[in-house]
Amino acid sequence: MISDASTPSPRRILVITNPASGSYSPRLIEEIAEACAGDGREVTVHRTTAPGDATTAVRRAVRGPFTGPGAAGPPDLVLAVGGDGTARETVQGLSATGEGPVEPGAGSTPLLVLPGGTGNSGYRMIWGDRPWRAALDAVLSPDGYAAPRRLDLALFEETGRLVFLGACTGVIAQALVTARTTPGQGRPRYARAFADTAAVFEPYPGRVTVDGRVVHEGPTVLANVGGGRYRGGQYLLLPYSEPDDGFLDVCAIGGDVAPAEVPDLTLGSNRALDLPGCGYGRGRRITLERTDGRPLVIEHDGEYQEYEASSATLSVLPGALTLWGPTALARRRPGAAMASAAESSDAA
């Protein structure tokens, strides 16, 4: 991960927040804005009004035009306060075109993600269990322990969209459809939607290919690919993933696992990797398929995709996102558990 510890702390800050996110609080936004406004900083708060609004607002802010007397210029920090959907839209706005593809270094305005949604997986990927005030202080303080860093993104090749945390097929994606008509909000709503989906979900005939090598084939409950270790803020689907190593990780959970058992098997660890029919891999280009030719049910970054094809390919974009994070992150290089999973995948 490339970082520059000498980078000065931000002076012009754009705060993007989603009032419809799972744990939105007007008081939280006030506290964040007040903290950002210290030491003479310029702070602008944009509250989104519709899907895609964050992307549009960020793109307009970082590109201008900045003309006329008193034009302040672009922000030197974009702060996304919300769930993983808010982070996803903000990343799209920071890219070179608003969508992929993007060249490394093209997204030069740094991003800071703070938790304000249901999952908050993006925040946890970078900051772990630190409280948001500690993360913000680390960025704004001249002697803080944070710096702009280069993180990888994925390109969803068929749609041209950028993927921040990951993409997932199967029961997790199908539960997002169920959640549309499930009452409630936040994690309890999705948990109920997942339980209802899992009770009737049938594994699909699937295949996962990593850089041309098949790592899983057969009945599939889900296949999750990306750089973020967690999905839903607490489910550790990719325990060995590094967000800056130039690779994508993938976990496939096979049909021997009951769909309803997935949350318990991945809460805090991924015990599914010890079970038959489950596989794990790492590579630069990963293809997820339904081998029966039917449309693949897929989501990415918490958004269900209206998708008609039977396969989806994600390729890594190394260092494509500039994001503030700690100057030192815990590393989780593959160990015995991953080796065992890879061997079982090869055997399958």
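Where is D301 found? D301 sits in the loop between β15 (298-300) and β16 (303-304). This is a predicted model, in which local features need pLDDT of at least 70, side-chain atom pairs count only at pLDDT 80 or more, and totals for chains, interfaces and linings use all residues. Residues are numbered from 1 along each chain as its sequence is written, and side-chain values use heavy atoms, with hydrogens and water left out.

View 1. Phi of D301 is near 55°, a positive value in a residue other than glycine. Most residues other than glycine have a negative phi. D301 counts as buried, at 1% relative accessibility. Buried means under 20% relative accessible area, exposed over 50%, and partly exposed in between (1.4 Å probe, protein chains only). Strands (E, at least two residues) and helices (H or I, at least four) are DSSP runs, numbered from the N terminus.

**View 2. The loop residue D211.** D211 lies between β8 (204-210) and β9 (213-226), in a loop. Its phi is also positive, near 50°. D211 is partly exposed, with a relative accessible area of 44%.

**View 3. The largest nonpolar core.** A nonpolar core is a set of buried Ala, Val, Leu, Ile, Met, Phe, Trp, Tyr and Cys residues joined through side-chain atoms within 4.5 Å. The largest one here has 47 residues. I32, L79 and W127 are among the members that touch the most others. Helix α5 (residues 132-140) gives the most to this core, with six residues.

**View 4. A second core.** This separate core has 42 residues, including F201, V215, V225 and L288.
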